[in-house]
Amino acid sequence: MAADSGADVVDLGKARSARDGSAGRSTRPEAARLIVDQPTAPAGPGYLGRLLAAKRRPVVPEWLKSTAELKTAAGWVARHYAHTAGYHALRAPVYVARLALQAPSGTAQFVGGTMRWVADKEGEPVRLAAVRREDAAEYLKLSRLRDGRVRLRTLVAVLALFIGLGAALAIYVLAPDWLQVVSVGAVVMALGYAGRRADDPVIHRAVELPKATKLTSDIVLRALGALGIPAINQAQTKGRDGFEFTAPITRDGPGWRAEGNLPFGVTVTDIIERRERLASGLRRPLGCVWPEAVPNEHTGHLVLWVGDQDMSQAKKPTWPLLKSGGVDLFKPVAFGTDQRGRWVEITLMYIAAVIGAIPRMGKTFLLRLLLLIAALDPRAELHTYDLKGTGDLDPVGNSVSHRHCAGDEEDDIEYAVRDMRALRDELRRRAKVIRSLPRDICPESKVTSALADKKNLGLHPIVVGVDECQVWFEHEKYGKELEEICTDLVKRGPATGIVLLLATQRPDAKALPTGISANASARFCLKVMGQLENDMVLGTSAYKRGVRATMFSWGDKGIHYFVGEGADARIVSSVYVDAPSAESIGARARKLREHVGTLSGHALGEEPEPDESSAYDLLRDILAVVPASEPKVWSETVVARLAELRAEVYDGWEPEALAAALKPHGISTIQVGRRVDGKVVNRRGIDRSHITSAIAERDGKRDAG
Ligand SMILES: Nc1ncnc2c1ncn2[C@@H]1O[C@H](COP(=O)(O)OP(=O)(O)OP(=O)(O)O)[C@@H](O)[C@H]1O
């Protein structure tokens with residue numbers, strides 16, 4: 001400690017005597033030195049202090065408290081026995097036939113065995129040995145013993161025979177037919193069983209239970225030692241463990257949990273980085289090995305969870321919403337399971353989410369799953385955009401979406417732009433409505449489930465899902481505008497009941513503008529290739545903190561890091577809903593909407609009127625009304641001329657509207673001074689050269705594209 005803090009190490013004995021006996025000589029250099037280690041053990045927090053800071057382990061384990069988990073576990077046990085019973089019931093006739101066929105050989109074995117027993121065959125080798133040794137005394141002793149035994153056993157056998165025959169006769173004469181059948185059957189089956197062959201059992205196992213090796217401290221230490229981390233290796237070569245277990249290795253869900261402190265200076269991130277080597281050291285598949293840091297603990301505190309089965313292959317419980325049920329978007333809904341097979345929930349309201357991954361890892365499936373959850377709340381209005389254009393979102397879009405579009409053609413983008421503009425207006429309207437509501441009805445200045453129910457307020461949830469959102473933000477004409485609207489929706493949408501879910505396969509600054517990625521409150525990151533993408537999706541310095549979606553393997557489809565609602569990052573395997581199931585859930589969601597009368601827009605075949613304003617090109621229109629001879633023009637002049645040019649679009653535009661419309665193109669208005677009646681008047685205006693260069697840049701990009 002002294003060395004760490006840069007202070008000198010001091011001989012405490014000397015220092016103490018110097019201090020005690022020399023009050024007047026304190027100018028001596030030793031006495032002036034700083035003593036960093038206390039002579040007596042430093043008094044830590046008192047008993048009460050320790051009690052106050054103590055972490056109490058739950059009396060009742062978490063899994064016992066959760067009725068959902070208890071139900072799931074009970075369901076699994078019940079299904080296991082039901083399966084076993086069904087398996088054997090179906091094969092029962094085969095078992096009976098095989099046992100009956102084995103009955104003759106069983107009878108022979110039984111008779112032979114009984115005769116050998118009566119004749120005391122088991123003593124024969126010893127008697128023969130006595131004969132070979134020509135030991136007459138021993139032989140006589142053994143023979144006498146055998147004679148006695150044979151006599152007794154013959155008596156027992158004859159008695160049993162008579163009892164057996166008597167019982168058989170009694171059953172034959174007195175018993176009803178069914179008892180006769182049962183008795184004969186039982187005897188035949190028993191004889192058949194006696195005739196079984198060891199290498200060919202009649203009854204096979206209905207269920208092969210997986211066998212997982214127990215995790216022991218030796219295995220953990222061996223694996224940690226194989227990681228090539230110098231501090232661990234040094235400790236182990238000196239005969240120490242290199243890892244200090246802080247709790248016994250216990251069962252935790254379908255796996256084992258080991259917990260402890262790494263050597264000083266080694267962090268959990270170092271272990272996570274070497275997860276593959278760790279799996280090799282543990283001799284387990286990669287998908288079973290999950291090293292984790294513990295929030296609020298020091299960075300060297302490792303929890304190692306080793307599952308019995310690979311997470312991507314482990315059997316998952318059935319999703320409760322797969323076949324039936326509805327959703328209240330204001331309440332948590334299960335959307336995946338963690339490594340231990342426990343449900344992980346998400347409350348879709350009040351979030352803006354980003355989903356990122358390299359292609360083919362399950363990003364679209366995850367987005368569709370979240371949209372299906374939203375669809376199951378009949379109040380929710382869905383806007384779904386499948387910019388890949390393969391129809392993955394059609395099961396939701398065609399059955400319930402208010403606005404839906406698949407594809408990235410110019411028309412598709414314009415459709416989206418119109419919708420997003422309308423959503424921006426809706427956002428503003430909602431903000432005003434919420435502001436005007438009395439505090440007792442809207443205490444937190446945000447939409448609640450009760451407010452969403454009040455149809456006249458129009459505050460129902462709106463969920464917008466965009467797959468491959470980079471297509472929007474990189475669009476040369478509308479990219480900036482869409483980015484601006486989406487940033488607004490990410491920032492202000494959650495409180496006003498508008499949820500934006502964006503998925504992209506290329507999470508970089510262009511595909512996912514920083515204004516959006518920095519403000520998203522829920523993040524889903526499936527496998528990515530590098531630190532940059534990882535942090536784009538999961539938030540700045542996530543990679544450094546050990547939250548690394550790069551560690552997922554190629555087979556980990558649907559497995560992702562989920563960071564939501566201020567909670568720590570969790571590894572979640574999302575529920576797999578294939579296209580046919582998605583169709584049926586979509587159909588169910590449609591029925592729910594039909595029932596309460598909330599089906600609207602695209603799902604009813606109604607599309608919005610094509611908006612004239614999207615067909616115009618503002619920049620070209622400005623050039624049309626501002627000739628080259630006028631390099632700088634006041635905004636009010638421009639809007640007046642524009643209104644003449646295209647009244648249906650520009651009529652009523654104020655200079656501010658022009659400034660706002662130019663902003664997405666990267667153009668801002670400037671001060672333009674003009675001489676009026678001999679005086680210079682300054683007003684906001686445009687510089688024509690800004691317009692021409694913006695057009696040149698845009699068209700250049702378009703040509704390049
Ligand atoms: N939760 C899941 N569990 C198991 N497999 C899944 C899961 N989600 C997706 N998959 C599988 O992964 C494949 C790819 O999924 P998906 O189409 O969603 O990938 P993607 O990341 O959207 O790909 P792209 O970038 O090409 O659009 C699917 O065909 C599916 O079989």
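This is a predicted model: local features need pLDDT of at least 70, side-chain atom pairs count only at pLDDT 80 or more; totals for chains, interfaces and linings use all residues.
The antiparallel pairing of strand 15 with strand 17 (residues 679-687) runs over 3 bridges. Val633 has Ile686 of strand 17 as its bridge partner. Strands of a sheet pair through backbone hydrogen bonds, in either a parallel or an antiparallel sense.

## Residues with positive phi

Most residues other than glycine have a negative phi. Asp677 is not a glycine, yet its phi is positive, at about 50°. Asp677 sits in the loop between strand 16 and strand 17. Asp677 counts as exposed because it has 5 C-beta neighbours inside 10 Å, and the cut-off for exposed is 12 or fewer.

Arg283, also not a glycine, has a positive phi of about 60°. Its loop lies between helix 12 (275-282) and strand 3 (289-293). Arg283 is exposed, with 10 other C-beta atoms within 10 Å.

## Annotated transmembrane regions

An unreviewed UniProt entry lists residues 150-172 and 178-195 under "transmembrane region". In the model, residues 150-172 are 100% helix and 0% strand, and the end C-alpha atoms of this span lie 32 Å apart. Residues 178-195 are 94% helix and 0% strand, with end C-alpha atoms 25 Å apart.

Key. Residues are numbered from 1 along each chain as its sequence is written. UniProt positions are given in the numbering used here, feature names are shortened, and annotations may be inferred rather than shown by experiment. Helices (H or I, at least four residues) and strands (E, at least two) are DSSP runs, numbered from the N terminus. Two strands pair if DSSP finds at least two bridges between them. A residue is buried if 20 or more other C-beta atoms lie within 10 Å of its own, exposed if 12 or fewer, and partly exposed in between; C-beta atoms are placed from the backbone.
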